[in-house]
Amino acid sequence: MTTAPFPPRRAGRPRRDEDGQRYAPAAARPDLDALTGLRSGKPHYFPEHRTSAERLRRVIAALERISSALMRTSEGSEALVRAVVDAAAEHLSAEWVVFALTDGELAESRPRHLVLGPDRAEWTDVRAVPERVRAHLLAVVAGAGGDDAAHDPQAHRRHVHVPVRLSGRAVGAFVAWTPPDREVDDTDRSVLRILAGQTAAALQNCALLDHSARLLARTTRQAEDLSRRHAELQATQAELGAARQREVLDSERHRIARELHDSVTQYALSAGMHIELARSEVADARLRAHLDTAKDLTRRAVEQLRSAIYALHHGESEAQQDLPSMLRRLSAVHMPDELRVEVRIGGEPVALPAECEQSLFRVAGEALFNTAVHADASRAVVRLAYRDGQVRLTIADDGRGRPEEVRRSLRAASVACPSGEHRGLVNMAARARELGGTLSFRRARLGGLQVQVDVPIPGATAAGAAR
(Lines give C-alpha, C1' and ligand atoms only; values in the text may rest on other atoms or scores of the structure.)
Protein backbone atom coordinates (compact mmCIF):
# COMPACT_ATOMS: atom_id res chain seq x y z
CA MET A 1 0.00 0.00 0.00
CA THR A 2 1.53 3.25 -1.07
CA THR A 3 0.84 6.67 0.41
CA ALA A 4 1.36 10.14 -1.00
CA PRO A 5 4.46 11.90 0.40
CA PHE A 6 2.45 15.08 1.01
CA PRO A 7 -1.19 15.57 1.87
CA PRO A 8 -3.27 16.64 -1.10
CA ARG A 9 -3.72 20.43 -1.53
CA ARG A 10 -7.25 21.56 -0.96
CA ALA A 11 -8.80 23.31 -3.88
CA GLY A 12 -9.44 27.00 -3.47
CA ARG A 13 -7.11 27.44 -0.50
CA PRO A 14 -4.62 30.31 -1.01
CA ARG A 15 -0.92 29.54 -0.92
CA ARG A 16 1.14 30.98 1.91
CA ASP A 17 4.87 31.07 2.64
CA GLU A 18 6.58 29.80 5.75
CA ASP A 19 5.89 33.09 7.54
CA GLY A 20 2.19 32.72 6.88
CA GLN A 21 2.14 35.50 4.29
CA ARG A 22 -0.21 35.06 1.35
CA TYR A 23 1.35 35.00 -2.12
CA ALA A 24 0.17 37.66 -4.56
CA PRO A 25 0.79 37.86 -8.29
CA ALA A 26 3.68 40.20 -9.18
CA ALA A 27 1.47 42.31 -11.41
CA ALA A 28 -0.91 43.03 -8.53
CA ARG A 29 1.73 44.33 -6.11
CA PRO A 30 1.78 48.08 -5.50
CA ASP A 31 4.89 50.26 -5.76
CA LEU A 32 5.62 49.71 -2.06
CA ASP A 33 6.07 45.92 -2.59
CA ALA A 34 8.29 46.61 -5.56
CA LEU A 35 10.37 48.96 -3.43
CA THR A 36 10.76 46.68 -0.40
CA GLY A 37 11.40 43.33 -2.17
CA LEU A 38 10.07 39.74 -2.10
CA ARG A 39 8.80 37.39 0.64
CA SER A 40 9.62 33.78 -0.18
CA GLY A 41 10.19 30.43 1.54
CA LYS A 42 11.88 28.76 -1.39
CA PRO A 43 15.54 27.65 -1.37
CA HIS A 44 16.62 30.74 -3.37
CA TYR A 45 15.30 33.00 -0.57
CA PHE A 46 18.73 34.22 0.60
CA PRO A 47 20.02 35.39 -2.81
CA GLU A 48 16.77 37.21 -3.35
CA HIS A 49 17.00 38.58 0.17
CA ARG A 50 20.38 40.08 -0.67
CA THR A 51 18.97 41.55 -3.86
CA SER A 52 15.99 42.92 -1.95
CA ALA A 53 18.25 44.44 0.72
CA GLU A 54 20.34 46.16 -1.95
CA ARG A 55 17.19 47.40 -3.63
CA LEU A 56 15.91 48.71 -0.29
CA ARG A 57 19.16 50.58 0.29
CA ARG A 58 18.89 52.19 -3.13
CA VAL A 59 15.28 53.11 -2.49
CA ILE A 60 16.07 54.74 0.86
CA ALA A 61 18.90 56.71 -0.72
CA ALA A 62 16.61 57.73 -3.59
CA LEU A 63 13.86 58.85 -1.21
CA GLU A 64 16.38 60.90 0.76
CA ARG A 65 17.48 62.62 -2.46
CA ILE A 66 13.84 63.24 -3.41
CA SER A 67 13.14 64.70 0.03
CA SER A 68 16.17 66.99 -0.21
CA ALA A 69 15.14 68.09 -3.69
CA LEU A 70 11.57 68.86 -2.64
CA MET A 71 12.85 71.06 0.19
CA ARG A 72 13.91 73.53 -2.53
CA THR A 73 10.25 74.42 -3.14
CA SER A 74 10.54 77.66 -1.20
CA GLU A 75 13.44 78.76 -3.43
CA GLY A 76 11.28 78.82 -6.55
CA SER A 77 10.51 76.54 -9.45
CA GLU A 78 13.92 76.90 -11.11
CA ALA A 79 15.83 75.61 -8.08
CA LEU A 80 13.23 72.85 -7.61
CA VAL A 81 13.42 71.61 -11.22
CA ARG A 82 17.22 71.46 -11.14
CA ALA A 83 17.15 69.59 -7.81
CA VAL A 84 14.63 66.91 -8.91
CA VAL A 85 16.34 66.33 -12.28
CA ASP A 86 19.67 65.95 -10.51
CA ALA A 87 18.07 63.49 -8.04
CA ALA A 88 16.67 61.41 -10.92
CA ALA A 89 20.04 61.41 -12.70
CA GLU A 90 21.89 60.35 -9.56
CA HIS A 91 19.46 57.53 -8.73
CA LEU A 92 19.60 56.03 -12.23
CA SER A 93 23.29 56.85 -12.87
CA ALA A 94 21.75 58.08 -16.12
CA GLU A 95 23.57 59.18 -19.25
CA TRP A 96 20.69 61.46 -20.27
CA VAL A 97 17.80 62.84 -18.24
CA VAL A 98 15.04 65.01 -19.67
CA PHE A 99 12.43 66.89 -17.68
CA ALA A 100 9.83 68.78 -19.68
CA LEU A 101 6.46 70.42 -19.08
CA THR A 102 3.67 70.28 -21.65
CA ASP A 103 2.75 73.57 -23.29
CA GLY A 104 -0.08 75.28 -21.43
CA GLU A 105 0.46 73.36 -18.18
CA LEU A 106 1.90 74.96 -15.01
CA ALA A 107 2.44 78.12 -17.02
CA GLU A 108 4.28 79.95 -14.23
CA SER A 109 6.94 77.24 -13.75
CA ARG A 110 10.44 77.91 -15.05
CA PRO A 111 12.39 76.41 -16.74
CA ARG A 112 9.93 74.68 -19.06
CA HIS A 113 12.43 71.91 -19.79
CA LEU A 114 15.85 70.77 -18.59
CA VAL A 115 18.28 68.30 -20.18
CA LEU A 116 21.20 66.74 -18.31
CA GLY A 117 23.79 64.89 -20.38
CA PRO A 118 26.86 62.85 -19.49
CA ASP A 119 28.75 64.04 -16.40
CA ARG A 120 25.56 65.87 -15.31
CA ALA A 121 26.21 68.69 -17.77
CA GLU A 122 23.21 70.89 -18.56
CA TRP A 123 22.43 71.23 -22.26
CA THR A 124 20.79 74.55 -23.04
CA ASP A 125 20.87 74.14 -26.83
CA VAL A 126 18.24 71.49 -27.60
CA ARG A 127 19.40 71.26 -31.22
CA ALA A 128 22.78 69.88 -30.06
CA VAL A 129 21.41 66.88 -28.11
CA PRO A 130 21.06 63.42 -29.72
CA GLU A 131 18.05 62.86 -31.95
CA ARG A 132 16.36 60.34 -29.64
CA VAL A 133 16.60 62.77 -26.69
CA ARG A 134 15.29 65.71 -28.72
CA ALA A 135 12.41 63.61 -30.08
CA HIS A 136 11.21 62.65 -26.58
CA LEU A 137 11.57 66.24 -25.38
CA LEU A 138 9.50 67.63 -28.26
CA ALA A 139 6.89 64.90 -27.79
CA VAL A 140 6.47 65.75 -24.08
CA VAL A 141 6.26 69.48 -24.83
CA ALA A 142 3.57 68.76 -27.44
CA GLY A 143 1.67 66.55 -24.98
CA ALA A 144 2.26 63.30 -26.92
CA GLY A 145 4.41 61.49 -24.32
CA GLY A 146 3.25 58.16 -22.85
CA ASP A 147 3.91 56.04 -19.79
CA ASP A 148 6.88 53.69 -20.00
CA ALA A 149 4.67 50.81 -18.76
CA ALA A 150 3.15 50.66 -22.24
CA HIS A 151 6.50 49.74 -23.79
CA ASP A 152 8.08 46.30 -24.02
CA PRO A 153 10.23 45.82 -20.89
CA GLN A 154 12.79 43.76 -22.84
CA ALA A 155 13.29 46.58 -25.34
CA HIS A 156 13.48 49.31 -22.75
CA ARG A 157 15.76 48.01 -20.04
CA ARG A 158 17.92 51.15 -20.38
CA HIS A 159 15.15 53.66 -21.01
CA VAL A 160 12.36 54.98 -18.78
CA HIS A 161 9.57 57.45 -19.49
CA VAL A 162 7.41 58.49 -16.52
CA PRO A 163 4.69 61.14 -16.92
CA VAL A 164 4.25 63.96 -14.41
CA ARG A 165 0.59 63.96 -13.48
CA LEU A 166 -1.47 66.61 -11.75
CA SER A 167 -5.17 66.07 -10.97
CA GLY A 168 -5.19 62.99 -13.20
CA ARG A 169 -3.77 64.64 -16.33
CA ALA A 170 -0.23 64.53 -17.68
CA VAL A 171 1.47 67.94 -17.39
CA GLY A 172 4.98 66.77 -18.30
CA ALA A 173 7.36 63.85 -17.99
CA PHE A 174 10.73 62.53 -16.82
CA VAL A 175 12.67 60.64 -19.51
CA ALA A 176 16.01 58.94 -18.85
CA TRP A 177 18.56 56.69 -20.53
CA THR A 178 20.97 54.60 -18.46
CA PRO A 179 24.44 53.30 -19.42
CA PRO A 180 24.91 49.65 -20.63
CA ASP A 181 25.82 48.40 -17.15
CA ARG A 182 22.74 49.92 -15.49
CA GLU A 183 19.34 48.40 -16.29
CA VAL A 184 16.04 50.01 -15.28
CA ASP A 185 13.86 47.81 -13.08
CA ASP A 186 10.48 48.13 -11.39
CA THR A 187 12.08 49.76 -8.36
CA ASP A 188 13.49 52.55 -10.54
CA ARG A 189 10.13 53.15 -12.18
CA SER A 190 8.44 53.27 -8.78
CA VAL A 191 10.99 55.79 -7.52
CA LEU A 192 10.50 57.94 -10.62
CA ARG A 193 6.72 57.77 -10.30
CA ILE A 194 7.02 58.97 -6.71
CA LEU A 195 9.41 61.71 -7.82
CA ALA A 196 7.10 62.74 -10.69
CA GLY A 197 4.04 62.93 -8.44
CA GLN A 198 5.80 64.94 -5.77
CA THR A 199 7.36 67.22 -8.40
CA ALA A 200 3.94 68.08 -9.83
CA ALA A 201 2.61 69.00 -6.38
CA ALA A 202 5.79 70.94 -5.53
CA LEU A 203 5.65 72.94 -8.77
CA GLN A 204 2.05 73.84 -8.05
CA ASN A 205 3.10 74.91 -4.53
CA CYS A 206 5.89 77.02 -6.06
CA ALA A 207 3.35 78.75 -8.26
CA LEU A 208 1.08 79.37 -5.27
CA LEU A 209 3.99 80.68 -3.19
CA ASP A 210 5.11 82.95 -6.00
CA HIS A 211 1.57 84.21 -6.52
CA SER A 212 1.21 84.78 -2.77
CA ALA A 213 4.51 86.67 -2.67
CA ARG A 214 3.45 88.90 -5.57
CA LEU A 215 0.05 89.42 -4.00
CA LEU A 216 1.68 90.31 -0.68
CA ALA A 217 4.07 92.73 -2.38
CA ARG A 218 1.22 94.35 -4.29
CA THR A 219 -0.88 94.55 -1.13
CA THR A 220 2.05 96.09 0.74
CA ARG A 221 2.56 98.67 -2.01
CA GLN A 222 -1.15 99.46 -2.02
CA ALA A 223 -1.15 99.78 1.77
CA GLU A 224 1.85 102.11 1.62
CA ASP A 225 0.20 104.11 -1.14
CA LEU A 226 -3.05 104.33 0.84
CA SER A 227 -1.11 105.36 3.94
CA ARG A 228 0.72 108.05 1.97
CA ARG A 229 -2.51 109.29 0.40
CA HIS A 230 -4.20 109.26 3.81
CA ALA A 231 -1.35 111.34 5.24
CA GLU A 232 -1.57 113.73 2.27
CA LEU A 233 -5.34 113.97 2.75
CA GLN A 234 -4.93 114.70 6.44
CA ALA A 235 -2.28 117.33 5.66
CA THR A 236 -4.55 118.89 3.04
CA GLN A 237 -7.47 118.91 5.46
CA ALA A 238 -5.26 120.51 8.10
CA GLU A 239 -4.10 123.13 5.60
CA LEU A 240 -7.68 123.84 4.54
CA GLY A 241 -8.74 124.14 8.18
CA ALA A 242 -5.81 126.42 8.92
CA ALA A 243 -6.56 128.50 5.82
CA ARG A 244 -10.19 128.82 6.83
CA GLN A 245 -9.16 129.80 10.33
CA ARG A 246 -6.69 132.36 8.97
CA GLU A 247 -9.40 133.73 6.70
CA VAL A 248 -11.79 134.13 9.62
CA LEU A 249 -9.11 135.67 11.84
CA ASP A 250 -7.95 138.00 9.06
CA SER A 251 -11.50 139.16 8.47
CA GLU A 252 -11.97 139.78 12.18
CA ARG A 253 -8.65 141.62 12.45
CA HIS A 254 -9.57 143.91 9.58
CA ARG A 255 -12.96 144.58 11.13
CA ILE A 256 -11.39 145.46 14.49
CA ALA A 257 -8.73 147.60 12.81
CA ARG A 258 -11.40 149.48 10.86
CA GLU A 259 -13.44 150.06 14.01
CA LEU A 260 -10.38 151.30 15.90
CA HIS A 261 -9.40 153.63 13.08
CA ASP A 262 -12.88 155.02 12.45
CA SER A 263 -13.94 155.43 16.08
CA VAL A 264 -11.40 155.09 18.88
CA THR A 265 -8.54 156.79 17.05
CA GLN A 266 -10.74 159.65 15.92
CA TYR A 267 -11.99 160.17 19.46
CA ALA A 268 -8.42 160.14 20.79
CA LEU A 269 -7.35 162.68 18.14
CA SER A 270 -10.34 164.86 18.96
CA ALA A 271 -9.49 164.67 22.66
CA GLY A 272 -5.95 165.77 21.88
CA MET A 273 -7.20 168.72 19.85
CA HIS A 274 -9.52 169.85 22.67
CA ILE A 275 -6.70 169.51 25.19
CA GLU A 276 -4.50 171.69 22.99
CA LEU A 277 -7.27 174.30 22.73
CA ALA A 278 -7.79 174.28 26.50
CA ARG A 279 -4.05 174.54 27.09
CA SER A 280 -3.81 177.64 24.90
CA GLU A 281 -6.48 179.37 27.01
CA VAL A 282 -5.22 178.40 30.49
CA ALA A 283 -2.80 180.74 32.20
CA ASP A 284 -2.28 178.72 35.40
CA ALA A 285 1.10 176.99 35.14
CA ARG A 286 -0.02 174.05 37.29
CA LEU A 287 -3.07 173.41 35.09
CA ARG A 288 -0.97 173.80 31.96
CA ALA A 289 1.36 171.10 33.30
CA HIS A 290 -1.57 168.76 33.81
CA LEU A 291 -2.83 169.54 30.32
CA ASP A 292 0.65 168.85 28.92
CA THR A 293 0.57 165.45 30.60
CA ALA A 294 -2.90 164.74 29.21
CA LYS A 295 -1.75 165.79 25.76
CA ASP A 296 1.27 163.51 25.98
CA LEU A 297 -0.87 160.60 27.13
CA THR A 298 -3.31 161.23 24.28
CA ARG A 299 -0.45 161.26 21.77
CA ARG A 300 0.86 158.01 23.19
CA ALA A 301 -2.60 156.50 22.98
CA VAL A 302 -2.88 157.49 19.33
CA GLU A 303 0.53 155.97 18.59
CA GLN A 304 -0.45 152.77 20.36
CA LEU A 305 -3.68 152.63 18.39
CA ARG A 306 -1.83 153.14 15.12
CA SER A 307 0.62 150.38 16.03
CA ALA A 308 -2.26 148.06 16.92
CA ILE A 309 -4.08 148.91 13.70
CA TYR A 310 -0.94 148.20 11.69
CA ALA A 311 -0.42 144.88 13.48
CA LEU A 312 -4.04 143.89 12.84
CA HIS A 313 -3.74 144.71 9.16
CA HIS A 314 -0.41 142.92 8.65
CA GLY A 315 -0.60 140.05 11.12
CA GLU A 316 -0.95 137.42 8.38
CA SER A 317 1.99 138.67 6.36
CA GLU A 318 4.10 138.73 9.50
CA ALA A 319 3.28 135.08 10.16
CA GLN A 320 4.59 134.21 6.70
CA GLN A 321 7.98 135.88 7.27
CA ASP A 322 10.92 134.90 9.42
CA LEU A 323 11.99 136.95 12.43
CA PRO A 324 14.91 138.79 10.73
CA SER A 325 12.59 139.94 7.92
CA MET A 326 9.95 141.12 10.39
CA LEU A 327 12.53 143.11 12.37
CA ARG A 328 13.89 144.79 9.24
CA ARG A 329 10.39 145.78 8.22
CA LEU A 330 9.58 146.99 11.72
CA SER A 331 12.53 149.37 11.65
CA ALA A 332 11.08 151.13 8.59
CA VAL A 333 7.47 151.71 9.68
CA HIS A 334 5.87 153.97 12.29
CA MET A 335 9.24 155.34 13.38
CA PRO A 336 9.76 159.10 13.79
CA ASP A 337 11.88 160.75 11.14
CA GLU A 338 14.40 161.84 13.74
CA LEU A 339 15.01 158.24 14.91
CA ARG A 340 17.36 156.12 12.78
CA VAL A 341 17.00 152.36 13.35
CA GLU A 342 19.53 149.69 12.35
CA VAL A 343 18.93 145.93 12.36
CA ARG A 344 21.87 143.52 12.70
CA ILE A 345 21.66 139.71 12.49
CA GLY A 346 24.39 137.54 14.03
CA GLY A 347 25.00 133.81 13.54
CA GLU A 348 23.14 131.41 11.28
CA PRO A 349 19.37 132.00 11.49
CA VAL A 350 17.44 129.05 12.91
CA ALA A 351 13.76 128.39 12.26
CA LEU A 352 11.80 129.14 15.44
CA PRO A 353 8.20 128.30 16.27
CA ALA A 354 5.78 130.95 15.00
CA GLU A 355 4.67 131.82 18.56
CA CYS A 356 8.29 132.42 19.59
CA GLU A 357 9.01 134.67 16.60
CA GLN A 358 5.80 136.64 17.12
CA SER A 359 6.58 137.20 20.80
CA LEU A 360 10.13 138.41 20.07
CA PHE A 361 8.76 140.65 17.33
CA ARG A 362 6.27 142.19 19.79
CA VAL A 363 9.03 142.75 22.35
CA ALA A 364 11.14 144.55 19.73
CA GLY A 365 8.15 146.64 18.65
CA GLU A 366 7.34 147.68 22.23
CA ALA A 367 10.98 148.54 22.96
CA LEU A 368 11.29 150.66 19.80
CA PHE A 369 8.00 152.39 20.57
CA ASN A 370 9.28 153.32 24.04
CA THR A 371 12.51 154.56 22.47
CA ALA A 372 10.61 156.70 19.97
CA VAL A 373 8.14 158.14 22.55
CA HIS A 374 10.12 158.44 25.79
CA ALA A 375 13.86 158.24 25.16
CA ASP A 376 14.32 161.34 22.99
CA ALA A 377 16.82 159.22 21.00
CA SER A 378 18.25 159.78 17.53
CA ARG A 379 19.61 156.27 16.95
CA ALA A 380 18.56 152.74 17.86
CA VAL A 381 20.17 149.38 17.04
CA VAL A 382 18.26 146.09 17.00
CA ARG A 383 20.49 143.00 17.24
CA LEU A 384 19.32 139.42 16.79
CA ALA A 385 22.01 136.84 17.60
CA TYR A 386 21.65 133.08 17.14
CA ARG A 387 23.91 131.28 19.60
CA ASP A 388 24.43 127.79 21.02
CA GLY A 389 20.93 126.68 21.89
CA GLN A 390 19.52 130.18 22.38
CA VAL A 391 18.63 133.40 20.60
CA ARG A 392 19.34 136.88 21.97
CA LEU A 393 17.40 140.01 21.05
CA THR A 394 18.73 143.42 22.10
CA ILE A 395 17.36 146.92 21.45
CA ALA A 396 19.82 149.69 22.31
CA ASP A 397 19.51 153.47 21.87
CA ASP A 398 21.37 156.70 22.58
CA GLY A 399 18.48 158.31 24.47
CA ARG A 400 18.00 159.44 28.03
CA GLY A 401 16.53 156.22 29.46
CA ARG A 402 18.07 154.85 32.67
CA PRO A 403 18.14 151.09 33.43
CA GLU A 404 17.48 151.52 37.16
CA GLU A 405 14.43 153.69 36.52
CA VAL A 406 13.03 151.20 34.02
CA ARG A 407 13.55 148.31 36.44
CA ARG A 408 11.84 150.29 39.20
CA SER A 409 8.90 151.10 36.92
CA LEU A 410 8.60 147.42 35.95
CA ARG A 411 8.52 146.32 39.58
CA ALA A 412 5.90 148.93 40.44
CA ALA A 413 3.75 148.03 37.43
CA SER A 414 4.00 144.31 38.22
CA VAL A 415 2.58 144.90 41.73
CA ALA A 416 -0.16 147.42 40.98
CA CYS A 417 -0.54 150.41 38.74
CA PRO A 418 -3.97 152.08 38.87
CA SER A 419 -3.19 154.41 35.96
CA GLY A 420 -2.29 151.48 33.68
CA GLU A 421 1.09 152.97 32.83
CA HIS A 422 4.11 150.80 32.04
CA ARG A 423 1.93 147.93 30.86
CA GLY A 424 4.28 147.62 27.88
CA LEU A 425 7.15 146.70 30.23
CA VAL A 426 4.95 144.16 32.00
CA ASN A 427 3.94 142.61 28.67
CA MET A 428 7.57 142.36 27.56
CA ALA A 429 8.53 140.55 30.77
CA ALA A 430 5.53 138.21 30.46
CA ARG A 431 6.41 137.31 26.86
CA ALA A 432 10.01 136.52 27.84
CA ARG A 433 8.78 134.34 30.71
CA GLU A 434 6.37 132.43 28.46
CA LEU A 435 9.27 131.60 26.14
CA GLY A 436 11.34 130.27 29.04
CA GLY A 437 13.73 133.21 28.78
CA THR A 438 14.75 136.36 30.64
CA LEU A 439 14.32 140.11 30.20
CA SER A 440 16.99 142.52 31.43
CA PHE A 441 17.79 146.25 31.21
CA ARG A 442 21.29 147.75 31.21
CA ARG A 443 23.29 150.71 30.01
CA ALA A 444 23.86 150.65 26.24
CA ARG A 445 27.21 151.39 24.62
CA LEU A 446 25.42 154.06 22.64
CA GLY A 447 24.82 155.87 25.94
CA GLY A 448 21.14 155.13 26.45
CA LEU A 449 19.11 152.05 27.44
CA GLN A 450 19.58 148.47 26.25
CA VAL A 451 16.71 145.97 26.44
CA GLN A 452 17.90 142.37 26.24
CA VAL A 453 15.85 139.16 25.88
CA ASP A 454 17.47 135.71 25.99
CA VAL A 455 15.29 132.72 25.11
CA PRO A 456 16.22 129.05 24.42
CA ILE A 457 15.81 127.62 20.94
CA PRO A 458 13.22 124.80 21.22
CA GLY A 459 14.74 121.42 20.33
CA ALA A 460 18.13 122.86 19.43
CA THR A 461 21.46 121.23 20.27
CA ALA A 462 24.84 122.77 20.62
CA ALA A 463 26.03 120.97 17.50
CA GLY A 464 23.07 122.07 15.43
CA ALA A 465 22.92 125.71 16.44
CA ALA A 466 25.10 128.41 14.86
CA ARG A 467 28.07 129.72 16.78
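The model is predicted.

The helix α5 spans residues 186-281. It has 96 residues. From the first C-alpha of α5 to the last, the reach is 138 Å. That is close to the 142 Å expected at 1.5 Å a residue. The helix α5 carries a kink of about 35°. The kink is centred on Leu 260. At the start of α5, Asp 185 makes a contact with the backbone. A side-chain oxygen of Asp 185 reaches to within 3.1 Å of the backbone nitrogen of Thr 187.

The helix α5 also contributes to the lining of a cavity. The count comes to one cavity of 30 Å³ or more. About 30 Å³ of space lies in the largest cavity. Three helices each supply at least two residues of its lining: α2 (45-70), α3 (77-92) and α5. The lining consists of Ala 62, Arg 65, Ile 66, Ala 87, Ala 88, His 91, Val 191, Leu 192 and Leu 195. By class, seven of these residues are nonpolar, one is polar and one is charged.

Helix α10 covers residues 423-434 and has twelve residues. Its reach from first C-alpha to last is 16 Å, close to the 16 Å expected at 1.5 Å a residue. The buried residues of α10 are Gly 424, Leu 425, Val 426, Met 428, Ala 429 and Ala 432. Gly 436 follows α10 and has a positive phi, near 75°. Helix α7 covers residues 323-330. Six of the eight residues of α7 are buried, so the helix is largely enclosed by the rest of the structure. The buried residues of α7 are Leu 323, Pro 324, Met 326, Leu 327, Arg 329 and Leu 330.

Backbone geometry was examined next. Most residues other than glycine have a negative phi, and most peptide bonds are trans. The loop between β1 (96-101) and β2 (113-116) holds Pro 111. A cis peptide bond joins Arg 110 and Pro 111, with omega at about 0°. Leu 106 is also found in the loop between β1 and β2. Its phi is positive, at about 45°, although Leu 106 is not a glycine. Leu 106 counts as buried because its relative accessibility is 15%, and buried means under 20%.

Arg 120 lies in the loop between β2 and α4 (131-141). Phi of Arg 120 is near 60°, a positive value in a residue other than glycine. The relative accessibility of Arg 120 is 37%, so this residue counts as partly exposed.

Strand β9 (residues 449-456) contains Pro 456. Pro 456 is partly exposed, with a relative accessible area of 38%. Gly 437 is 19 residues from Pro 456 along the chain. The C-alpha atoms of Pro 456 and Gly 437 are separated by 6.5 Å.

How values were computed: Residues are numbered from 1 along each chain as its sequence is written. This is a predicted model: local features need pLDDT of at least 70, side-chain atom pairs count only at pLDDT 80 or more; totals for chains, interfaces and linings use all residues. Side-chain values use heavy atoms; hydrogens and water are left out. On a 1 Å grid over the protein atoms alone, a cavity is a set of points where a 1.4 Å probe fits but cannot get out, and a pocket is an open set with protein on both sides within 12 Å along at least five of seven lines; lining residues have an atom within 4 Å of a point. Grid points are joined across faces, edges and corners, and a volume is the space filled by probe spheres set on the points. Helices (H or I, at least four residues) and strands (E, at least two) are DSSP runs, numbered from the N terminus. Ala, Val, Leu, Ile, Met, Phe, Trp, Tyr, Cys and Pro count as nonpolar, Asp, Glu, Lys and Arg as charged, and the others, Gly among them, as polar. The expected span of a helix is 1.5 Å times one less than its number of residues. The bend at a residue is the angle between axes fitted to the seven residues ending there and the seven starting there. A polar contact is a pair of N or O atoms within 3.5 Å; within protein, one must be able to donate a hydrogen and the other to accept it, and residues adjacent in sequence count only if both atoms are side-chain atoms. Buried means under 20% relative accessible area, exposed over 50%, partly exposed in between (1.4 Å probe, protein chains only).
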